[in-house]
Amino acid sequence: MGNCYYSSAISIYCSSNDSEINHGDVEKDLLINNNITSLYDEEYGTYVVSGYVTNTGENDYYNVVVSYSLYDENNNIIGEATDYLSRLKDSETWSFAAEYYGIDAQKVARIEFDEITAVEDEFWD
């Protein structure tokens, strides 16, 4: 296991000891900074995982999705927090806020990075 970060008594597991995480083949240029925060938003009844994704490549990426699995204190999966960005330009940094809407959002005890996905071609043109 890599670095483990804590925010409001929530364990956040990352898969790298580096200051940034690089995930996937297509997304080799997309780096997630390890300074991830998470919290339960009582006003809206949601659980939010926030951080930054930087495109270190020379190409734009489209349909960028970042997702985290959410677990309760017994390591049972509660759900998934996700965020979406239609386009991440080269050298640009995206401040994401992956959200989970569920009646059990207040029971989150641990989060774990799932994946980041994107495509290099804008296929709706």
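**View 1. Contacts across the chain.** Take the contacts between residues at least 6 apart in sequence: 61% of them join residues at least 24 apart. Keep in mind that you're looking at a predicted model. The chain has 125 residues, and 42% of them count as buried.

**View 2. Strands from end to end.** How many helices and strands does the chain have? Zero helices, and ten strands. Follow the sequence along and the pattern reads β-β-β-β-β-β-β-β-β-β.

**View 3. A look at N63 in strand β7.** Here we zoom in on strand β7, which runs over residues 61-71 and includes N63. The phi of N63 is near 50°, so a positive value turns up here in a residue that isn't glycine. Is N63 buried or exposed? N63 counts as buried because its relative accessibility is 17%, and the cut-off for buried is under 20%.

View 4. Moving along, we reach the loop between β7 and β8, where N75 is found. Strand β8 itself covers 77-88. What is the phi of N75? About 65°, a positive value, although N75 is not a glycine. For background, most residues other than glycine have a negative phi.

Methods
Residues numbered from 1 in each chain as written. Predicted model: local features only at pLDDT ≥ 70, side-chain atom pairs only at ≥ 80, totals over all residues. Heavy atoms only, no water. Helix = DSSP H or I, 4+ residues; strand = E, 2+ residues; numbered from the N terminus. Buried < 20%, exposed > 50% of the residue type's maximum accessible area, 1.4 Å probe, protein only. Contact = heavy atoms within 4.5 Å.
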